[in-house]
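Let's take a walk through this protein together, one spot at a time.

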Amino acid sequence: MDDVPASDEVDPRIERSRHQVLTATVDLLQEVGYGRLTIEAVATRSGVAKSTIYRHWDGKADLVTDAFTTLKQRSPEPPPGPVRDRVTAILTSIVDRFSTPAQPDLACVMPALIDAAERDPEMAGLSRLLAEESALPLRRVLDEGVAAGELPPETDTALLADSLVGPIVLCRLFHRRPVTAAEVPTLVDQTLPP
């Protein structure tokens, strides 16, 4: 993985190596957690030299931050329509991300991030940033629902967004049974204010 060429085109070898390093980082987070993750282990797993990793990332926190921000998927914006339909679409997308084998298992990586956030202020900042960014599409739809009169004007959309996503995360992390797409409409009906 050499330095990026001067042109706007990125060398495909650099991108391939970068992807290998970031994927290895996420895989190791799932397996050993943040505390036991090392640059040496990432180098071994990715096949990219440790010196090259240090040339592109300042250390473990920087690497983990880049891995999370680069590899995480964002919920797509739902099409226009009633707030209930749009919220259901976003939550279904979140449920799908928790259960898509082709993507890094978010449920497996989240405990590593939670643990790291308790021990490292930089990781706490990353955790907060990821939570805020992930909530943006849902918050936007809820804010639009308030503006359109579909939700009460006093609705705390930040709290409501957490209330809608919380059961999905709780079931997957603690009950070990993920919420299914078929259950999302019931979750929305029971949580959204009338």
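**A charge over a ring**

Let's begin with Tyr34: the charged end of Lys60 sits over its ring, 4.3 Å from the centre of that ring. Bear in mind that this is a predicted model. What about aromatic rings pairing up with each other? In general, such a pair is described by the distance of the centres and the angle of the planes. Here there's nothing to describe that way, as the structure holds zero aromatic pairs.

Now slide over to Val32, which has its place in helix H1, the stretch covering residues 12–36. Is Val32 buried, exposed or something in between? Its relative accessible area is 27%, so Val32 counts as partly exposed, given that buried means under 20% and exposed means over 50%.

As for handedness, H1 passes H2 in a right-handed crossing. Which residues do the meeting? On the H1 side you'll find Gln20, Val21, Ala24, Thr25, Asp27, Leu28 and Glu31, and on the H2 side Ala41, Val42, Arg45 and Ser46.

Helix H7 (residues 121–147) packs with helix H8 (residues 157–175) at an angle of about 125 degrees, and their axes are 9 Å apart. That angle makes H7 oblique to H8. The crossing of H7 past H8 is right-handed. From H7, the contact involves Leu138, Arg139, Leu142, Asp143 and Val146. Facing them from H8 are Thr157, Ala158, Leu160, Ala161, Leu164 and Val165.

Our last stop is Thr88, found in helix H5, residues 83–99. Thr88 has a relative accessible area of 19%, so it is buried, the limit being under 20%. What does Thr88 touch, once residues up to four places away in sequence are set aside? The answer is Val184, Pro185 and Val188. Take Val184: it lies 96 residues from Thr88 in sequence, but in space the two are 6.3 Å apart, C-alpha to C-alpha.

Technical notes. Residues are numbered from 1 along each chain as its sequence is written. This is a predicted model: local features need pLDDT of at least 70, side-chain atom pairs count only at pLDDT 80 or more; totals for chains, interfaces and linings use all residues. Side-chain values use heavy atoms; hydrogens and water are left out. Helices (H or I, at least four residues) and strands (E, at least two) are DSSP runs, numbered from the N terminus. Buried means under 20% relative accessible area, exposed over 50%, partly exposed in between (1.4 Å probe, protein chains only). Rings of Phe, Tyr and Trp (its six-membered ring) pair if their centres lie within 6.5 Å; planes under 30 degrees apart count as stacked, over 60 as edge-to-face and the rest as tilted. A charge sits over a ring if NZ of Lys or CZ of Arg is within 6 Å of the ring centre and within 35 degrees of the ring normal. A crossing is left-handed if the near helix is turned anticlockwise from the far one by less than a right angle, and right-handed if clockwise. Contact means heavy atoms within 4.5 Å. Axes are lines fitted to C-alpha atoms, for helices over the stretch in contact, and angles run from 0 to 180 degrees between N-to-C directions. Angles under 35 degrees count as roughly parallel, over 145 as roughly antiparallel, 65 to 115 as roughly perpendicular and the rest as oblique.
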